[in-house]
Amino acid sequence: MTALTVASCWFNAILDGLERQGLERTQLTLGVRGIVDGRFPDTSRIELSSTRTVWRRARLLSGDPLLGVKVGSSLPIHATNVIAVITAHSPTFGEAIQHLLRYQALLSEGGQFTTQQVGGVVRMLYKPNQDPISMDSLHTDAIIACFLASSPKPALAHLVGRPEADQRSFAQILNCDVCFGAPYAAIDYDTQALNANKSGADRALCDINIAYAETLLNALRRMDALCQRVQAAIGKLGASAASIESVACEVGCSPRTLQRRLSSAGTSFSELFEAYRMGEAIIMLSETDFGVSRIGHLLGYSEASTFSRAVSQWCGLSPRQIRKQRNSDIGRIRDTHQPLSRTASNAVGTSRTRGVKRPSSLLTV
């Protein structure tokens, strides 16, 4: 399974927003993979773990509970790239939501919006996807606030956690009623608001950008398919036997052809190989009691210290912290009988990876 990624145009806008709120960009991004002079390359896909690491740092650096909604509500329209054009020119807000559900992966694979009918309202529910680094509530707030900034006034916004927070402050920024303590963030809309025609919508402009979004979505899927084949071959051969030559043989092409195809997809064999090892490392740290040295040896690392450093650089957590997170989940199950979430379930074999080039939007609003 490929690693989850985020469009750099989206997260660079987040970084700009955090800086506008007084946070030091260097402190937010120091040591984060893919960062160059405080930014991610503007035409790339970046790993979800990197973005969640930045949000965790933002929480540590800021004591403002409103940080997420402040950043999300002030993001510029270009942050959402082609999706902004499609949603702005969809004839109704209901159609805009359907387009968002289809194309949201172009922007971020950090979570998924779904819709459900609840009583007399349509609820947009946002569920974060699993990753070795959990999603901070400030991060979720920013996503909800960004969406609300360009939507009709909802009946209610549900935010996760913080039952002690001042609802009035959140409601003032979001311009709607707010409740806390939800297991997942959500927005309730009256059905009538979804069916109302939008003034200024241009159906032709919307259709042109939908065609472009389909092209991007198909390219994303082709890239996934190639990376999955390579990762499956690495998994079959094992860390000790996998090489560009042996994997190319499994895939059915020459090493040079495989390198060229991976380069076109914005990645390389070495990146996919390291992603595979890190995915296996996270699974073994999360689901077994093997010692760190043994796991490192199984994955081809000569020294436990080298393995520990690789894990820390890859996902922002040390092997000990990953184990601690696993133990916390187990403790939660014992206390509440909730099902254990498999932190590593989306990390197996991993990465679509860094530096995947994307063309910028053909049209702007």
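Here are some quick questions and answers on rings, charges and backbone angles in this predicted model.

Residues are numbered from 1 along each chain as its sequence is written. Local features need pLDDT of at least 70 and side-chain atom pairs count only at pLDDT 80 or more, while totals for chains, interfaces and linings use all residues; side-chain values use heavy atoms, with hydrogens and water left out.

Q: What makes phenylalanine 11 and phenylalanine 40 an edge-to-face aromatic pair?
A: Rings of Phe, Tyr and Trp (its six-membered ring) pair if their centres lie within 6.5 Å, with planes under 30 degrees apart counting as stacked, over 60 as edge-to-face and the rest as tilted. Phenylalanine 11 and phenylalanine 40 come in at 6.2 Å centre to centre and 65 degrees between the planes, so the pair is edge-to-face.

Q: Why is phenylalanine 11 called buried?
A: Buried means under 20% relative accessible area, exposed over 50%, partly exposed in between (1.4 Å probe, protein chains only). Phenylalanine 11 has 0%, so buried it is. Phenylalanine 40 is buried too, at 2%.

Q: How do you know that the charged end of arginine 294 sits over the ring of phenylalanine 290?
A: The rule wants NZ of Lys or CZ of Arg within 6 Å of the ring centre and within 35 degrees of the ring normal. The charged end of arginine 294 is 3.9 Å from the ring centre of phenylalanine 290, and it is listed as sitting over that ring.

Q: What makes aspartate 37 stand out in its phi?
A: Most residues other than glycine have a negative phi. Aspartate 37 has a positive one of about 55 degrees although it is not a glycine.
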